Amino acid sequence: MAPSSRPSVAPKRFVIIGGGPAGTTCATHAARLGAQVTLIEKDIVGGAAHLLDCIPSKAMIATGGAMAMVNRAAEMGLARVEATLDFDALKRRIKDIEDRLENSVSQLLESQGVRLMEGVGSLVSTHEVEVRLSDGTTETVTGDIIVLSTGSRPRIPEWAPVDGVRVLSTRDAYPPPKLPEHLVVIGSGVTGVEFVHMFNSFGSRVTLIVSRQQVLPDKDPEVAAVLEQSFLNRGVKLFMGARAEAVETDGERVRVQCNDGRVAEGSHVLLAIGSIPNSEGLGLENAGVESDHGYVVVDHNCRSNVSHIYAAGDLSGKLPLSSVASTQGRKIAEHAMGLHAAPHRHIDYDKAASAIFTDPEIADVGVAEADAFAAGRKIRVTKVPFSVSAKALINNDPRGFVKIVSDPATGVVMGGSIVGRHAAELISVLALAVTARLTVQDLVESLFVHPALAEVLGEAAE
Ligand SMILES: Cc1cc2nc3c(=O)[nH]c(=O)nc-3n(C[C@H](O)[C@H](O)[C@H](O)COP(=O)(O)OP(=O)(O)OC[C@H]3O[C@@H](n4cnc5c(N)ncnc54)[C@H](O)[C@@H]3O)c2cc1C
């Protein structure tokens, strides 16, 4: 019998600009689903996330954490030892992690048949992207689907003369050219407080400028209070309610002038005051793509106003998290390939778990107690400290607590916060409960390991 002569359908062509978590996840997923994928990256695959943000920051924090643990060894029945920082070894460690991650992402892309173009991409029409290749030539690629995932970069105000030596942006700090003797951190959001913790654990003196009356202004006040106290115990100087408005360098010293007349002085300054999208030069106007303050405006499916052009990651102006960026990338691949378009498959950003890698760690998910009260929502809040946990005592770290927010009528878990060791890992249990609409009773009846920190989740659910 003659083979069937069904006409073959040409694979969908994806062109993706930007190879961070959003772009690379979209690329591999679309390729797996049968698309022909071209990924354009001007720097390294893995993106700012691997090279400049999440990964190096967490690698440095882990080294600082190891130092702190060794220095507390005597409290765990060990002979006294002291860890000191080898700054050059730390730089090599970060480079090694980055190289390994870049290699594994490159290999994954290659194994899925993704075409990688090294260069700068920009839209020249609704279906065409011009790529300025690293050898100076240009090439135009055509896509049925275009994905914009060029990420963001630190916001640098006019009054801050960032030089990468004394006045640093977050991009100059992993690691900085020299370990600061006294660092002034401007900005007390997630990134700012992680810097405070990191440099303080390496032995730098630190001053933090907090523009409001609370560090982590968007977080639960009870959670923020634990961190503030921990900073004060560690000798961090807090300038509460002070807004930085000028930075001056004078030889080896830097001075930060605040709006209330106070001046913070140190050897280095680090700015952690948010980010701006990488959208200029991207040719949005050539394709009629709508943007708002540089962020591409997208719908539930990460689709822009031009139906075959999507945006993901920080450029989409949603939650600036690597985890969110890669989930958006995967969703775009599925949506553009005609899968999982139903509303229940839309990303629910309110259910994204997030963590702050300080000491103690902080993590949360879903509805926050303070927000629910402010909105007049009926909630049940239960809280148990880690000091009741055998494992916390074994770990020599009984600080912090688990707080669970649930619906008083149904018992469905709506959210929660965890402060304490391994909070970033433990929050995954609550994230799953929130996403799967599990009840507090489900948590109570889960047979957790003993002794384990997770047992506190069951107790907090009681
Ligand atoms: C200090 C810091 C720490 C962080 N820590 C965490 C954390 O612990 N956990 C977490 O989930 N998130 C963290 N984040 C946030 C996270 O880094 C971002 O949300 C994430 O990188 C966004 O991914 P993306 O794919 O949108 O962009 P990116 O990772 O920024 O990648 C964008 C890529 O696009 C490329 N590009 C840009 N323009 C072009 C162009 N025209 N042509 C070709 N290529 C281009 C860039 O070179 C880059 O590689 C942190 C952020 C900061 C600043």
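Which residues come nearest to the ligand? Of the 36 residues around the ligand, these are Gly18, Gly20, Gly47, Gly151 and Gly313. A residue counts as near if its C-beta atom, placed from the backbone, lies within 6 Å of the molecule. Several elements give two or more residues to this shell: helix H1 (21-32), strand E2 (36-41), H2, H3, strand E3 (115-123) and helix H8 (322-336). By class, the shell has 13 nonpolar, 17 polar and six charged residues. Here Ala, Val, Leu, Ile, Met, Phe, Trp, Tyr, Cys and Pro count as nonpolar, Asp, Glu, Lys and Arg as charged, and the others, Gly among them, as polar.

The model is predicted; local features need pLDDT of at least 70, side-chain atom pairs count only at pLDDT 80 or more, and totals for chains, interfaces and linings use all residues. Residues are numbered from 1 along each chain as its sequence is written. Helices (H or I, at least four residues) and strands (E, at least two) are DSSP runs, numbered from the N terminus.

Helix H3, one of the contributors to the ligand shell, covers residues 54-71. Its 18 residues reach 26 Å from first C-alpha to last, close to the 26 Å expected at 1.5 Å a residue. The expected span is 1.5 Å times one less than the number of residues. Buried in H3 are Ile55, Pro56, Met60, Thr63 and Gly64. A residue is buried if 20 or more other C-beta atoms, placed from the backbone, lie within 10 Å of its own. The buried residues of H3 pack against helix H2 (47-51), helix H4 (87-111) and helix H5 (190-201). Contact requires C-beta atoms, placed from the backbone, within 7 Å.

E2 and E3 also contribute to the shell. They pair in the parallel sense over four bridges; pairing requires at least two DSSP bridges between two strands. Leu39 stands opposite Leu116 in E3. E3 also pairs with strand E4 (residues 128-133), in the antiparallel sense over five bridges. Here Val120 stands opposite Arg132 in E4. E3 and E4 form a hairpin, with four residues between them.

A further five strands form an open, antiparallel sheet in the order E20-E21-E24-E23-E22. Strand E20 (354-356) and strand E22 (380-385) are the edges, each pairing on one side only. The twist averages 15° from one strand to the next, with axes fitted to C-alpha atoms and angles run from 0 to 180 degrees between N-to-C directions. E20 pairs with strand E21 (residues 362-366) over three antiparallel bridges. Ile356 has Ile362 in E21 as its bridge partner.

Definitions and conventions
Buried ≥ 20, exposed ≤ 12 C-beta atoms within 10 Å, placed from the backbone. Contact = placed C-beta atoms within 7 Å.
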